[in-house]
Amino acid sequence: MCNQSVGLIAGVIEKAGIPTVSLSLLLMVTKKVRPPRSLSVPFPFGYPLGKPHDAKLQHQIIRAALNLLESPDELPILQDFVTA
Amino acid sequence: MARLEDLKLTHRLFVAAYPFRTSDWAPGARLEKPLSQSKFALISSAGLHLPDQPPFDLEIRGGDVSFRELPNTLDVRELRISQRSSDFDQTGAREDSNLVFPLDRFRELAERGEISTLNHRHFSFMGSITAPGSLVSDSAPQVAEMLREDRVDAVFLVPA
């Protein structure tokens, strides 16, 4: 339900004129909710940024998500995070 | 990614039958400046709150749609979690709150000049909401309005 909540909050903020990007832990839910920009990450519930205290991995995920904000592609954008 | 099979059977059956709501945002907003000139705010749905803030109410039917304002000055080690979802394994987040609310990472991005700055406040929700009507009509719009007042350029959201 967290993935639905985040997608819905993202939509409300986006509609207010502020671009958003969200992480997704459950692709099936995100595909239904369709937030504007979402990065699907290959981690379990509770671990959206990968691993505790792994700053390098956390930065890779954030960078991949921020890239979606700069993408000129048509919305919604749903991309998979691929570990470097 | 997490898989549907990771959920308990009862939750899996619920998710399979649940009429997920589609997010209504068309036509969408565009970032009007480079990331290096953009001010960011973070939103987490992990149920985070500070020790002096009331925890989320885990008893409300349909879920607690309220939010907590998290000041940008906080130390992530202060954060507490009140979360109803039993599917959310809190072990990692208790060890490092950046796992669900990457404030330290965004501070590093700002220090390195990759983003301009962080907003003076961020927001926390408890994402386990099965009846999101008032989330969409009331609490999320309140947060959106505050972010507009703060002239935030972009928002990064994290589920748990």
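**Ground rules.** I number residues from 1 along each chain as its sequence is written, and I letter chains from A and number ligands from 1 in the order in which they are written. Since this is a predicted model, local features need pLDDT of at least 70 and side-chain atom pairs count only at pLDDT 80 or more, while totals for chains, interfaces and linings use all residues.

**Chain B overall.** I looked up the secondary structure of chain B and found 4 helices and 7 strands. Helices (H or I, at least four residues) and strands (E, at least two) are DSSP runs, numbered from the N terminus. Along the sequence of chain B, the order is α-β-β-β-β-α-α-β-β-α-β.

I then checked the size of chain B. Its C-alpha atoms fill a box of roughly 45 × 40 × 30 Å along the principal axes. The radius of gyration, taken over C-alpha atoms, is compared with a globule rule of 2.2 Å times the number of residues to the power 0.38. For 160 residues a compact globule would have a value near 15 Å, and the 16 Å of chain B agrees with that.

Of the 160 residues of chain B, 41% count as buried. A residue is buried if 20 or more other C-beta atoms, placed from the backbone, lie within 10 Å of its own; 12 or fewer make it exposed, and anything in between partly exposed. Two residues are in contact if their C-beta atoms, placed from the backbone, lie within 7 Å. Among contacts in chain B between residues at least 6 apart in sequence, 79% join residues at least 24 apart.

**Strand S1 of chain B.** I listed its strand partners, where pairing takes at least two bridges found by DSSP.
- S5(B), residues 117-118, runs parallel to S1(B) with 2 bridges, and Lys39(B) stands opposite Thr117(B).
- S7(B) runs parallel to S1(B) with 5 bridges, and Phe40(B) stands opposite Ala154(B).
- S6(B), residues 121-125, runs parallel to S1(B) with 2 bridges, and Ile43(B) stands opposite Phe123(B).

**Where the chains meet.** How many residues does each chain give to the contact? Chain A gives 55 and chain B gives 53. On the side of chain A that touches chain B, the elements giving two or more residues are H1 (2-15), S1 (20-24), H2 (27-33) and H3 (55-70) of chain A. H1(A) gives the most, with 14 residues.

I also followed a strand pairing across the two chains. S1(A) pairs with S7(B), residues 154-158, in the parallel sense over 3 bridges. There, Val21(A) has Phe156(B) as its bridge partner.

**Helix H1 of chain A.** Is H1(A) mostly covered or exposed? It is mostly covered, with 14 of its 14 residues buried. The expected span is 1.5 Å times one less than the number of residues. For the 14 residues of H1(A) this comes to 20 Å, and the end C-alpha atoms are 20 Å apart, which agrees. Just after H1(A), Gly17(A) has a positive phi of about 105°.

**The core.** A nonpolar core is a set of buried Ala, Val, Leu, Ile, Met, Phe, Trp, Tyr and Cys residues joined through C-beta atoms within 7 Å. The largest one has 65 residues, of which Ile9(A), Ala65(A) and Val155(B) touch the most other members. H1(A) gives the most to this core, with 7 residues.

I looked up the neighbours of Val155(B), leaving out residues up to four places away in sequence. They are Ile13(A), Ile18(A), Thr20(A), Ala41(B), Ile43(B) and Leu147(B).
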